[in-house]
Amino acid sequence: MNFFHEIRKHILAAIQALVADGDLPEGTDASRVTAEPPRDESHGDISTNAAMVLAKPAGKNPRELAEKLVAKLQNIGLIAEVSVAGPGFVNIRMVDEFWDQQLLTILEAGADYGKSNLGLGEKINLEYVSANPTGPIHAGHGRVAVVADVLANLLEKVGYAVTREYYINDAGGQAKKLACSSYLRYREALGEDIGEIPEGYYPGPYLKDVGQAIADRDGDKWLSLDEEEWLDPFREFAVNAMMSAIREDLKLMGITHEVFTSEMDLQRSGAVDRAVADLEEQGLLYTGVLEPPKGKVVEDWEPRPQLLFKATEFGDDVDRPLKKSDGTWTYFTGDIAYHYDKFQRGFKQMINVWGADHGGYVKRIVSAVNAITRGDGRLDVILSQMVNFFDNGVAVKMSKRAGTFVTVRDVIEKVGKDVFRFMMVSRKSDAHLDFDFKKVMEQTKDNPVFYVNYAHARSHSVMRMAKQEFPDIDPTQLSDAPLKRLRDEDEIRLLKLLAGWPRQVEIAAQAHEPHRLCYYLYEVAGQFHMLWNKGKDEAILRFILPDDRELTRARLAMIKGVQAVIASGLTIFGVEPVEEMH
């Protein structure tokens with residue numbers, strides 16, 4: 001579907017013809033030759049760097065080589081014009097009929113338009129959310145969740161086999177604090193005055209239900225026992241309760257993970273020991289003494305021998321300790337084991353989407369994955385910045401349920417799942433996002449959620465009105481419409497935008513940047529709305545012309561193309577394309 005690939009094939013064929021003519025040497029490497037839109041659309045529809053990248057290895061002048069390439073390309077059907085620009089760029093302009101053909105492709109594909117086999121079925125493990133199971137999902141985690149979930153849909157759109165995974169951090173210090181906090185609420189449920197919740201514990205009232213549930217089930221069974229006896233049962237019960245609530249929050253966002261992996265289960269399986277043994281076998285472990293942390297004074301720091309991983313051999317800034325002073329494994333060691341487990345499950349390509357506060361951890365885990373997989377595994381970590389919530393410009397900081405933060409449930413109850421999902425991917429993930437409850441519900445051009453969905457709804461409205469004017473027109477049978485009559489410059493521009501959708505999908509997938517599609521859909525919606533308004537000023541440009549049935553059918557075909565592209569994009573976002581606005 002990506003017509004740039006087809007044009008590149010013609011360019012490569014022209015290069016081979018130049019090789020046959022002796023203008024380029026045998027064995028010319030054309031792998032860096034591109035076919036993409038020119039920076040200035042007035043220069044044409046497609047630009048190639050072929051002459052620029054091939055001239056130097058061939059000992060040729062770029063412009064002279066470009067002229068020879070032009071001679072090979074100018075007689076290809078559907079190419080209207082080929083020209084040389086600047087130091088040797090070749091610009092190509094397609095005939096209008098070419099865009100008619102692209103529209104027919106869109107009509108045939110429908111919402112599947114943009115789908116491809118770019119990924120060739122390669123397996124990708126996409127781990128996201130993985131919030132400590134210590135309370136409801138807050139809205140910052142919600143952004144991480146949606147960005148990753150949309151990325152998963154996007155990667156599947158272009159042919160990757162994606163497994164969505166949630167890593168349950170149920171073995172570390174936070175899970176212990178959760179258990180202790182739940183034990184306090186258990187004592188409270190049995191009538192004890194527990195006073196103020198200690199510093200570092202979880203004060204949220206949501207744990208009252210956990211404590212009450214254990215009290216209802218077990219009575220005072222745990223009151224007289226030592227911590228070592230009640231800690232694991234309380235941790236397990238509390239984690240299960242929190243994960244049940246988290247799954248409900250994920251469901252509210254329209255998110256389903258195929259795999260949930262428990263850190264505790266991983267440790268009990270011996271995965272950590274196996275990963276450490278593998279690193280030791282590779283000669284990547286040693287006992288050494290680290291320098292004190294740079295940039296800050298740690299009063300209780302003292303030099304001591306530690307088991308260290310040679311992270312610097314794989315791009316990290318310092319070697320990393322694998323054991324704590326008490327002899328237990330560090331969190332980092334568990335993470336190495338977890339990614340080793342993913343690799344052993346057949347995932348050579350892994351993507352983690354984390355909050356931006358984990359930025360300092362990226363280099364070490366990427367280096368570890370490189371080491372533990374012997375260079376066969378690839379890990380990309382995407383960082384997602386925080387969301388700042390406002391209501392009509394006033395900062396929103398509190399949650400009725402959690403007491404200290406805005407939860408996903410709070411937001412979705414106010415604006416709905418679709419608005420939440422669209423807004424979470426409306427900006428690049430590493431940029432802060434301002435979310436104003438009032439503005440995201442406004443029906444204005446400045447609200448991208450409304451603007452894009454309104455274009456989809458308006459296109460359906462046009463179809464309904466056309467059916468009233470021409471009852472015999474079948475909106476599902478427009479492939480034989482006289483598309484050559486779509487010749488207004490703004491109609492052609494819209495067709496070009498629609499035809500560029502597959503390329504945008506592929507670029508966004510390869511860059512792991514789904515926000516690019518929001519911008520593109522906004523541009524498509526803007527061009528469609530502009531044509532609507534233009535028709536109000538110039539009657540001949542209206543979508544429905546009572547005196548011209550065939551031109552109406554051609555414009556309806558164009559509008560079906562708008563529907564298909566917007567529906568394709570909103571489906572990737574996990575947003576329902578609406579047919580009517582209320």
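**A sheet, a helix and some rings**

Author: Strand E13 (residues 387-391) and E14 run antiparallel and are joined by two bridges. Two strands pair if DSSP finds at least two bridges between them, and strands (E, at least two residues) and helices (H or I, at least four) are DSSP runs, numbered from the N terminus. This is a predicted model: local features need pLDDT of at least 70, side-chain atom pairs count only at 80 or more, and totals for chains, interfaces and linings use all residues. Residues are numbered from 1 along each chain as its sequence is written, and side-chain values use heavy atoms, with hydrogens and water left out.

Reader: Which residue in E14 is the bridge partner of Phe390?

Author: Ala395.

Reader: And what's the strand order in that open sheet?

Author: E14-E13-E15, three strands with mixed pairing. Strand E14 (394-395) and strand E15 (433-436) are the edge strands, each pairing on one side only.

Reader: Switching to helix H13: which residues are buried there?

Author: In H13 (residues 408-415) they are Val408, Asp410, Val411, Ile412 and Val415. Buried means under 20% relative accessible area, exposed over 50%, partly exposed in between (1.4 Å probe, protein chains only).

Reader: What covers those buried residues?

Author: The cover includes helix H5 (139-157), helix H8 (227-252), E13, helix H14 (417-424) and E15, where contact means heavy atoms within 4.5 Å.

Reader: What follows H13?

Author: Gly416, with a positive phi near 95°.

Reader: OK, aromatics. How many pairs are there in the whole structure?

Author: A search finds 26. Rings of Phe, Tyr and Trp (its six-membered ring) pair if their centres lie within 6.5 Å; planes under 30 degrees apart count as stacked, over 60 as edge-to-face and the rest as tilted. One of the pairs is Trp230 with Phe234, edge-to-face at 5.6 Å centre to centre and 70° between the planes.

Reader: Where do Trp230 and Phe234 sit relative to each other in H8?

Author: They're four residues apart in helix H8, about one helical turn. Trp230 is buried at 6% relative accessibility, and Phe234 is buried at 1%.

Reader: How are the Tyr451 and Tyr522 rings placed?

Author: Their centres are 4.7 Å apart and the planes are at 40°, so that pair is tilted. Tyr451 is in helix H15 and Tyr522 in helix H18 (residues 515-537), so the pair ties together parts 71 residues apart in sequence.

Reader: Is Tyr522 buried or partly exposed?

Author: Partly exposed, at 28% relative accessible area, whereas Tyr451 counts as buried at 9%.
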